[in-house]
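Thanks, everyone. I'll keep this short. Please have a look at the model first.

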Amino acid sequence: MTNAALQNHVQDLLGCRRCPKMQSTPISGGAVMSDVVLVGQAPGVHEPRLGRPFAWTAGKTLFQWFEEACGFNEEHFRSHIYMAAVCRCFPGKHPKGSGDRVPDETEIANCAPWLTAEITLLHPKLVILVGKLAIHQFLPKAKLADVIGHRIPHHREGVSFDIIALPHPSGASAWRWTEPGKTLLRRALTHLSKDPSLKIIAAKARKSTMDKKQIV
Ligand code: SF4
(Lines give C-alpha, C1' and ligand atoms only; values in the text may rest on other atoms or scores of the structure.)
Protein backbone atom coordinates (compact mmCIF):
# COMPACT_ATOMS: atom_id res chain seq x y z
CA MET A 1 0.00 0.00 0.00
CA THR A 2 1.31 3.43 -0.88
CA ASN A 3 0.81 6.73 0.84
CA ALA A 4 -0.74 7.94 -2.45
CA ALA A 5 -3.50 5.35 -2.09
CA LEU A 6 -4.24 6.54 1.43
CA GLN A 7 -4.14 10.18 0.33
CA ASN A 8 -6.64 9.39 -2.45
CA HIS A 9 -8.84 7.67 0.11
CA VAL A 10 -8.80 10.71 2.41
CA GLN A 11 -9.56 13.04 -0.53
CA ASP A 12 -12.56 10.90 -1.46
CA LEU A 13 -13.69 10.80 2.18
CA LEU A 14 -13.54 14.60 2.47
CA GLY A 15 -15.87 14.86 -0.52
CA CYS A 16 -18.49 12.52 0.94
CA ARG A 17 -22.02 13.96 1.31
CA ARG A 18 -24.07 10.78 1.82
CA CYS A 19 -25.87 11.85 5.01
CA PRO A 20 -28.25 14.81 4.66
CA LYS A 21 -28.83 15.25 8.43
CA MET A 22 -25.15 15.72 9.22
CA GLN A 23 -24.25 19.26 10.29
CA SER A 24 -20.73 19.45 8.89
CA THR A 25 -18.60 18.08 6.10
CA PRO A 26 -16.25 15.18 6.99
CA ILE A 27 -13.38 15.67 9.44
CA SER A 28 -10.17 13.71 8.90
CA GLY A 29 -6.93 13.34 10.79
CA GLY A 30 -5.12 13.10 7.44
CA ALA A 31 -3.39 10.34 5.48
CA VAL A 32 -1.15 9.08 8.28
CA MET A 33 0.51 5.77 7.39
CA SER A 34 0.43 3.76 10.60
CA ASP A 35 0.17 0.32 12.16
CA VAL A 36 -2.26 1.87 14.64
CA VAL A 37 -5.81 3.07 13.88
CA LEU A 38 -7.90 4.93 16.44
CA VAL A 39 -11.67 4.84 15.97
CA GLY A 40 -13.76 7.51 17.70
CA GLN A 41 -17.52 8.12 17.59
CA ALA A 42 -18.06 11.30 15.56
CA PRO A 43 -16.76 14.87 15.63
CA GLY A 44 -18.27 17.36 18.05
CA VAL A 45 -19.38 20.93 17.44
CA HIS A 46 -15.85 22.40 17.63
CA GLU A 47 -14.03 19.96 15.34
CA PRO A 48 -15.41 21.30 12.01
CA ARG A 49 -14.11 24.80 12.85
CA LEU A 50 -10.75 23.47 14.02
CA GLY A 51 -10.50 20.96 11.18
CA ARG A 52 -9.26 17.88 13.05
CA PRO A 53 -10.68 15.06 15.17
CA PHE A 54 -10.60 15.23 18.99
CA ALA A 55 -9.75 18.93 18.89
CA TRP A 56 -11.66 19.99 22.03
CA THR A 57 -11.98 18.86 25.67
CA ALA A 58 -12.49 15.11 25.02
CA GLY A 59 -9.31 15.24 22.94
CA LYS A 60 -7.37 16.84 25.81
CA THR A 61 -8.28 13.90 28.03
CA LEU A 62 -7.58 11.34 25.29
CA PHE A 63 -4.12 12.74 24.55
CA GLN A 64 -3.34 12.93 28.29
CA TRP A 65 -4.09 9.20 28.53
CA PHE A 66 -1.60 8.49 25.73
CA GLU A 67 1.03 10.82 27.16
CA GLU A 68 0.72 9.03 30.50
CA ALA A 69 0.66 5.49 29.07
CA CYS A 70 3.01 5.79 26.09
CA GLY A 71 5.06 8.94 26.68
CA PHE A 72 4.20 10.87 23.51
CA ASN A 73 2.21 14.05 23.14
CA GLU A 74 -0.75 15.12 20.99
CA GLU A 75 1.40 16.40 18.15
CA HIS A 76 3.28 13.12 17.93
CA PHE A 77 0.03 11.16 18.21
CA ARG A 78 -1.54 13.07 15.33
CA SER A 79 1.48 12.56 13.08
CA HIS A 80 1.88 8.82 13.79
CA ILE A 81 -1.59 7.33 14.36
CA TYR A 82 -4.40 7.15 11.80
CA MET A 83 -7.56 8.72 13.22
CA ALA A 84 -10.87 7.27 12.05
CA ALA A 85 -14.41 7.40 13.44
CA VAL A 86 -17.75 5.63 13.22
CA CYS A 87 -19.13 8.76 11.51
CA ARG A 88 -16.87 11.48 10.12
CA CYS A 89 -19.33 14.40 10.19
CA PHE A 90 -20.78 16.36 13.12
CA PRO A 91 -24.27 14.91 13.76
CA GLY A 92 -25.60 18.08 15.44
CA LYS A 93 -26.73 18.63 18.99
CA HIS A 94 -29.14 16.20 20.62
CA PRO A 95 -32.66 17.55 19.97
CA LYS A 96 -33.90 16.85 23.52
CA GLY A 97 -31.04 17.62 25.82
CA SER A 98 -27.38 18.18 26.28
CA GLY A 99 -24.66 16.52 24.29
CA ASP A 100 -24.50 15.57 20.64
CA ARG A 101 -26.98 13.54 18.63
CA VAL A 102 -25.91 9.91 18.29
CA PRO A 103 -25.62 9.03 14.58
CA ASP A 104 -28.51 6.86 13.41
CA GLU A 105 -28.20 3.36 11.91
CA THR A 106 -28.37 4.63 8.33
CA GLU A 107 -25.60 7.15 8.93
CA ILE A 108 -23.44 4.51 10.62
CA ALA A 109 -24.02 2.14 7.70
CA ASN A 110 -23.27 4.93 5.21
CA CYS A 111 -19.97 5.67 6.90
CA ALA A 112 -18.83 2.09 7.57
CA PRO A 113 -17.24 1.56 4.13
CA TRP A 114 -14.71 4.33 4.87
CA LEU A 115 -13.48 2.43 7.93
CA THR A 116 -13.50 -0.87 6.04
CA ALA A 117 -11.33 0.69 3.34
CA GLU A 118 -8.91 2.02 5.96
CA ILE A 119 -8.50 -1.42 7.54
CA THR A 120 -7.84 -2.85 4.07
CA LEU A 121 -5.40 -0.10 3.12
CA LEU A 122 -3.44 0.10 6.38
CA HIS A 123 -3.49 -3.51 7.64
CA PRO A 124 -3.21 -2.21 11.23
CA LYS A 125 -1.68 -4.27 13.99
CA LEU A 126 -3.63 -2.39 16.65
CA VAL A 127 -7.08 -0.79 16.55
CA ILE A 128 -7.98 1.45 19.48
CA LEU A 129 -11.72 1.86 19.97
CA VAL A 130 -12.91 4.93 21.84
CA GLY A 131 -16.38 4.76 23.34
CA LYS A 132 -19.36 2.44 23.08
CA LEU A 133 -20.42 3.29 19.54
CA ALA A 134 -16.93 2.50 18.18
CA ILE A 135 -16.69 -0.67 20.29
CA HIS A 136 -20.01 -1.92 18.93
CA GLN A 137 -18.86 -1.63 15.31
CA PHE A 138 -16.29 -4.35 16.05
CA LEU A 139 -17.83 -6.19 19.01
CA PRO A 140 -21.62 -5.83 18.65
CA LYS A 141 -23.58 -5.63 21.91
CA ALA A 142 -20.43 -6.04 24.05
CA LYS A 143 -20.62 -4.46 27.50
CA LEU A 144 -17.92 -1.88 28.24
CA ALA A 145 -16.88 -3.77 31.37
CA ASP A 146 -16.30 -6.94 29.33
CA VAL A 147 -14.09 -5.22 26.76
CA ILE A 148 -12.23 -2.31 28.35
CA GLY A 149 -9.12 -3.48 30.20
CA HIS A 150 -8.52 -6.38 27.80
CA ARG A 151 -6.44 -6.87 24.68
CA ILE A 152 -8.67 -8.67 22.18
CA PRO A 153 -7.48 -10.43 19.01
CA HIS A 154 -9.79 -9.63 16.10
CA HIS A 155 -10.11 -10.39 12.40
CA ARG A 156 -11.84 -8.19 9.83
CA GLU A 157 -11.58 -7.74 6.06
CA GLY A 158 -8.93 -10.47 6.01
CA VAL A 159 -6.77 -8.51 8.42
CA SER A 160 -5.79 -9.73 11.90
CA PHE A 161 -5.17 -7.13 14.58
CA ASP A 162 -5.61 -6.59 18.30
CA ILE A 163 -8.23 -4.33 19.84
CA ILE A 164 -7.70 -2.17 22.90
CA ALA A 165 -10.87 -0.34 23.92
CA LEU A 166 -11.16 2.88 25.90
CA PRO A 167 -14.17 4.62 27.42
CA HIS A 168 -15.23 7.84 25.74
CA PRO A 169 -13.09 10.64 27.22
CA SER A 170 -15.94 13.14 27.10
CA GLY A 171 -16.82 14.69 30.46
CA ALA A 172 -20.43 13.63 29.77
CA SER A 173 -19.51 9.96 30.23
CA ALA A 174 -19.68 8.95 33.91
CA TRP A 175 -18.51 5.37 33.32
CA ARG A 176 -14.82 6.01 33.82
CA TRP A 177 -15.31 7.87 37.11
CA THR A 178 -16.88 4.96 39.00
CA GLU A 179 -15.94 1.31 39.54
CA PRO A 180 -15.35 -0.90 37.68
CA GLY A 181 -14.67 1.83 35.09
CA LYS A 182 -11.79 3.45 37.00
CA THR A 183 -9.89 0.19 37.40
CA LEU A 184 -10.62 -1.02 33.86
CA LEU A 185 -9.42 2.26 32.36
CA ARG A 186 -6.11 1.86 34.27
CA ARG A 187 -5.81 -1.66 32.86
CA ALA A 188 -6.50 -0.43 29.33
CA LEU A 189 -3.77 2.22 29.69
CA THR A 190 -1.37 -0.49 30.87
CA HIS A 191 -2.16 -2.47 27.70
CA LEU A 192 -1.42 0.66 25.65
CA SER A 193 1.91 1.11 27.46
CA LYS A 194 2.97 -2.44 26.53
CA ASP A 195 1.84 -2.46 22.91
CA PRO A 196 4.76 -3.04 20.48
CA SER A 197 3.47 -0.67 17.77
CA LEU A 198 2.91 2.13 20.28
CA LYS A 199 6.39 1.49 21.74
CA ILE A 200 7.89 2.08 18.28
CA ILE A 201 5.93 5.33 17.98
CA ALA A 202 7.13 6.34 21.46
CA ALA A 203 10.75 5.62 20.50
CA LYS A 204 10.36 7.89 17.45
CA ALA A 205 9.02 10.61 19.74
CA ARG A 206 12.03 10.31 22.06
CA LYS A 207 14.44 10.44 19.11
CA SER A 208 12.68 13.47 17.67
CA THR A 209 12.93 15.27 21.04
CA MET A 210 16.65 14.46 21.32
CA ASP A 211 17.29 15.63 17.73
CA LYS A 212 15.54 18.94 18.45
CA LYS A 213 17.65 19.46 21.60
CA GLN A 214 20.83 18.85 19.61
CA ILE A 215 19.79 21.44 16.99
CA VAL A 216 19.12 24.02 19.72
S1 SF4 B 1 -21.07 10.68 8.14
FE2 SF4 B 1 -19.71 9.50 6.79
S3 SF4 B 1 -21.02 8.67 5.16
FE4 SF4 B 1 -22.15 10.33 6.17
S5 SF4 B 1 -21.65 12.17 4.93
FE6 SF4 B 1 -20.17 12.11 6.64
S7 SF4 B 1 -18.40 11.00 5.78
FE8 SF4 B 1 -20.15 10.60 4.42
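This is a predicted model: local features need pLDDT of at least 70, side-chain atom pairs count only at pLDDT 80 or more; totals for chains, interfaces and linings use all residues.

Numbering runs from 1 along each chain as its sequence is written, and side-chain values use heavy atoms, without hydrogens or water.

Start with helix 3 (residues 57–70) and helix 8 (residues 181–194). Their axes are 8 Å apart, at an angle of about 60°. That makes helix 3 oblique to helix 8; oblique is what remains after under 35 degrees (roughly parallel), over 145 (roughly antiparallel) and 65 to 115 (roughly perpendicular). The crossing of helix 3 past helix 8 is right-handed. Helix 3 contributes Trp65, Phe66, Glu68, Ala69 and Cys70 to the contact, meaning heavy atoms within 4.5 Å. Helix 8 brings Leu185, Arg186, Leu189, Leu192 and Ser193.

Now salt bridges: a side-chain nitrogen of Lys or Arg within 4 Å of a carboxyl oxygen of Asp or Glu. The structure has 10.

One of them joins Arg101 and Glu107, at 2.9 Å, N to O. Buried is under 20% relative accessible area, exposed over 50%, partly exposed in between, with a 1.4 Å probe and protein chains only. Arg101 is buried at 14%. Glu107 is buried at 3%.

Another pairs Arg151 with Asp195, at 2.8 Å, N to O. Arg151 sits in strand 4 and Asp195 in the loop between helix 8 and helix 9, so the bridge ties together parts 44 residues apart in sequence. Arg151 is partly exposed, at 30%. Asp195 is buried, at 1%. Shared partners link Arg151, Asp162 and Asp195 into one salt-bridge network.

Conventions:
Axes are lines fitted to C-alpha atoms, for helices over the stretch in contact, and angles run from 0 to 180 degrees between N-to-C directions. Helices (H or I, at least four residues) and strands (E, at least two) are DSSP runs, numbered from the N terminus. A crossing is left-handed if the near helix is turned anticlockwise from the far one by less than a right angle, and right-handed if clockwise.
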